[in-house]
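Please keep the structure in view while reading.

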Amino acid sequence: MMEKSLRLHLCHAPKLQIFINRSHGFLHSVALIFLIYHRTSFLFQDPKTRAAPLFLWLLVFASELLLSLIWLLGQAFHWLPVSRTVFPERLPKDEKLPPVDVFICTADPDKEPIVDVMNTVLSAMALDYPAQKLHVYLSDDGGAAITLLGMREACKFARYWLPFCKRFGIKTRCPKAYFSSASDDDSSYRSDEFMAEKQIIQDKYEVFKESLLRSKEDLGFEDTNNITTTRDHPALVEVMQDNSYEMPLLVYVSREKRPSHPHNFKAGALNALLRVSGVISNSPYVLVLDCDMYCNDPTSARQAMCFYLDSNISPSIAFVQFPQRFRNISKTDIYDGQMRSTFKILWHGMDGLKGPILSGSGFYMNRDCLYGNFIQEGNELTELKNLFGLSNEFIKSLGRNYKANVISDGSCSSTPLKEAKLLASCFYESHTKWGEEVGFLYQSVAEDFFTGYMLHCKGWISVYLNPLRPQFLGTCVTSLNDLLIQGTRWSSGLVDIGISSFCPLIYATLRMSFLESLCYAEVSLFPLFYSLSLWCFAIIPQLGLLSGISLYPEVSNSFFPIFATIFLSALSKHLYEVLISGGSIQTWRNEQRLWMMKSISSHVYGSLDAIMKRLGVREASFLLTNKVEDDEKSKLYQMGKLDFQTSTRLLVPVVTVAILNVVSFLVGVVRIKEWNKILVPVFLSFYILVINYAIIEGIIIRKDKGRIPASVTLLSTLISFSLILLSLIGSIIFRRSIYGQWINKHSRKA
Ligand SMILES: O=c1ccn([C@@H]2O[C@H](COP(=O)(O)OP(=O)(O)O[C@H]3O[C@H](CO)[C@@H](O)[C@H](O)[C@H]3O)[C@@H](O)[C@H]2O)c(=O)[nH]1
Ligand SMILES: [Mn+2]
């Protein structure tokens with residue numbers, strides 16, 4: 001009884017939602033079985049009486065099968081969604097809390113503004129956690145002088161900021177967010193003393209910010225034009241502290257980079273931090289943050305501890321994941337910056353199984369799980385060195401009784417610093433298992449996905465916590481170009497796993513719970529499956545219509561209702577999910593549009609990228625997401641208008657499909673008398689156009705900078721008309737062959 005009342009966390013499963021999900025899943029599958037029956041029966045028809053060429057029919061059927069398969073895999077997410085509540089006030093006293101290391105990654109001071117990065121650092125230092133038990137590490141992959149300088153300045157400013165937050169119980173501990181008008185901290189009455197103090201701190205913040213901006217300008221030229229420094233520089237580790245106030249340890253780490261050595265992007269940076277922090281503070285738990293993801297609620301560490309201090313589940317938890325949430329989402333959220341489906345539906349669904357997928361940022365990781373079972377297995381020292389590299393000090397840090405080098409007053413001696421530099425050198429990982437079996441894994445540019453996946457395969461579980469107040473807030477993409485570039489990288493990273501020997505359908509089904517493996521399969525394959533099937537749906541029925549070939553049953557056919565049911569059932573389930581997760585019809589429309597646009601564009605490029613990487617003709621690359629705000633682009637974004645100032649390569653496919661559908665829809669309207677025969681393809685075009693009306697508007701109506709450039713329209717028109725021409729030629733050949741067979745048959749009879 002006593003036990004129960006003191007539980008640190010609770011888990012809740014919404015019964016009605018589960019009932020709806022499962023019944024819908026059942027009914028939808030029955031309809032799909034009918035569809036498959038209808039499509040297969042075509043194969044047994046007399047080839048001479050078939051209404052369409054076999055290969056077109058097979059193409060449409062294959063797309064329907066792909067979509068059905070990905071839908072089926074996705075059902076695993078809807079089987080048992082849960083949500084969790086925690087009770088941090090029931091945690092033991094501060095002395096009993098385990099230490100935490102915070103890892104923040106930055107890579108380029110031009111794309112990742114220094115003031116914002118330092119705000120993230122400050123917000124992490126200000127977490128509501130005992131200062132001696134908190135250590136903040138920043139990895140600077142840019143090796144930029146401004147970042148090092150910024151850290152020193154941040155350390156000085158923290159000396160004022162941290163006591164202020166603590167004394168007045170400030171909730172928003174990212175100074176930039178706090179001093180912006182949007183902060184909700186001071187909505188209630190505050191004393192004069194507080195107001196005076198706030199003003200002083202705010203002035204200091206302004207000075208701090210100005211000094212960063214000035215230094216950036218002074219150093220800017222040196223920093224950004226000296227490409228050799230970003231790709232070619234020695235390791236640098238600096239421990240910063242200000243002894244006048246009890247503050248978390250602050251450590252700057254710029255790992256060594258040489259052009260001859262692959263640096264493995266963010267995963268490489270995180271592994272360098274794991275090693276460096278291993279010999280400095282070696283905390284058992286690690287919070288990982290992207291440089292734009294500031295801590296919006298200081299209690300996240302305590303919330304995570306509600307799981308790690310529950311001895312019943314703690315030994316099996318690899319990580320506690322919070323959702324990525326964003327500070328700069330506009331009202332219309334045209335680019336789905338909130339990633340609604342992922343963070344409000346799918347991760348809750350996985351949490352009811354074995355836990356959510358690792359999501360890059362905003363998670364508390366159990367350090368030991370990244371080191372594998374090698375230590376417990378009692379391996380010899382030489383064997384450990386083969387796995388972890390040559391540093392004796394680091395290998396000692398793997399042991400349970402290792403005493404970290406941070407002394408109780410938060411300072412750090414100089415010996416570990418020497419070791420830390422060695423650990424951050426680019427040669428350190430040669431002939432070791434870093435990135436393959438230990439640490440964050442290198443196989444895919446979606447390092448988060450693959451690392452979490454392998455942990456689940458080894459039997460670890462994860463936990464998803466989605467509290468009302470966002471724990472972390474980042475900067476989401478606000479232009480179509482950034483969205484599609486980011487989408488291409490993600491697709492490439494995911495498909496890379498989906499088509500490798502680690503494909504969850506083969507590798508994971510026996511290694512984790514079956515349903516969990518289906519979720520992983522869905523995520524690793526959806527970009528490929530969607531791009532293949534949506535390309536098909538966007539052009540094949542339409543070309544069929546233009547050349548008089550029918551691929552769908554007539555309205556009077558008894559199978560027509562099956563197609564209608566599947567279409568309506570899929571759309572209404574999507575709408576239902578949008579509505580229960582706080583969205584509107586507009587959200588639903590946006591998501592349908594993005595689904596189509598991404599499947600036609602970024603998913604295709606990403607999948608191709610992954611395929612070429614597998615074939616060995618292309619190397620992995622990581623294009624950073626832009627985090628600098630551009631006034632003109634922001635304006636379009638705030639107005640909810642798509643910004644088509646996008647690379648031609650990414651935009652042409654989308655515009656081509658739109659033009660093709662305009663043509664097929666118009667031809668359909670002209671042939672309206674045959675509606676019984678052509679309703680399905682005409683309606684399909686109509687639906688595509690209604691959802692993507694913004695594209696038509698971008699071609700014809702808009703005059704602003706964000707419209708679709710004339711060159712893109714021209715190129716796309718050329719491509720779509722070539723496709724139409726090809727299909728007309730194809731259909732003439734098809735008709736001739738049918739006619740020829742008919743003539744043959746009849747002349748023989750005569
Ligand atoms: O060589 C690199 C490249 C990136 N980063 C850092 O990695 C983070 C994520 O990069 P970003 O450009 O913001 O990528 P996003 O697509 O916005 O990030 C999402 O996708 C990544 C995987 O593709 C995950 O690592 C991230 O956590 C997740 O937020 C940033 O802090 C970067 O500074 C490095 O440290 N080194
Ligand atoms: Mn990001």
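In this predicted model, four elements each supply at least two residues of the shell around ligand 1: strand 3 (100-106), helix 9 (265-280), helix 15 (447-457) and helix 16 (480-498). Helix 16 gives the largest share, 3 residues. The residues around the ligand number 23, and those that come nearest are Cys105, Asp141, Glu447, Arg489 and Thr625. By type, the shell divides into 8 nonpolar, 7 polar and 8 charged residues.

| Side chain | Distance from its N or O atom to an oxygen atom of ligand 1 |
|---|---|
| Lys266 | 2.8 Å |
| Arg489 | 2.7 Å |
| Lys627 | 2.8 Å |

Taken alone, ligand 1 exposes 680 Å², and the protein buries 95% of that area.

Strand 3 deserves a separate look. Is it enclosed or open to the outside? Because 7 of its 7 residues are buried, strand 3 is largely enclosed by the rest of the structure. Val100, Val102, Ile104 and Thr106 point one way from the strand, while Asp101, Phe103 and Cys105 point the other way. Residues on both sides are buried.

Which strands pair with strand 3? One is strand 4 (residues 134-140), which runs parallel to strand 3 and is joined to it by 7 bridges. Within this pair, Cys105 has Ser139 as its bridge partner. Between the two strands the chain passes through helix 4 (residues 114-125), and this β-α-β crossover is right-handed. Another partner is strand 7 (residues 285-290), which pairs with strand 3 in the parallel sense over 6 bridges. Here the bridge partner of Phe103 is Val288.

Strands of a sheet pair through backbone hydrogen bonds, and the pairing is either parallel or antiparallel.

An open sheet of 3 strands has the order 8-13-10 and mixed pairing. Strand 8 (294-295) and strand 10 (325-326) stand at its edges. Each has a single partner strand, so one side of each is left without a neighbour in the sheet. How do strand 8 and strand 13 (residues 472-474) run, parallel or antiparallel? They run antiparallel and are joined by 2 bridges. In this pair, Tyr294 stands opposite Leu473 of strand 13.

Methods:
Residues are numbered from 1 along each chain as its sequence is written. Chains are lettered from A and ligands numbered from 1 in the order in which they are written. This is a predicted model: local features need pLDDT of at least 70, side-chain atom pairs count only at pLDDT 80 or more; totals for chains, interfaces and linings use all residues. Side-chain values use heavy atoms; hydrogens and water are left out. A residue is near a molecule or strand if one of its heavy atoms lies within 4 Å of it. A polar contact is a pair of N or O atoms within 3.5 Å; within protein, one must be able to donate a hydrogen and the other to accept it, and residues adjacent in sequence count only if both atoms are side-chain atoms. Accessible areas come from the Shrake-Rupley method with a 1.4 Å probe; for residues, only the protein chains shown count as cover. Ala, Val, Leu, Ile, Met, Phe, Trp, Tyr, Cys and Pro count as nonpolar, Asp, Glu, Lys and Arg as charged, and the others, Gly among them, as polar. Buried means under 20% relative accessible area, exposed over 50%, partly exposed in between (1.4 Å probe, protein chains only). Two strands pair if DSSP finds at least two bridges between them. A crossover is right-handed if, with the strands pointing away from the viewer, the path from the first strand over the helix to the second runs clockwise.
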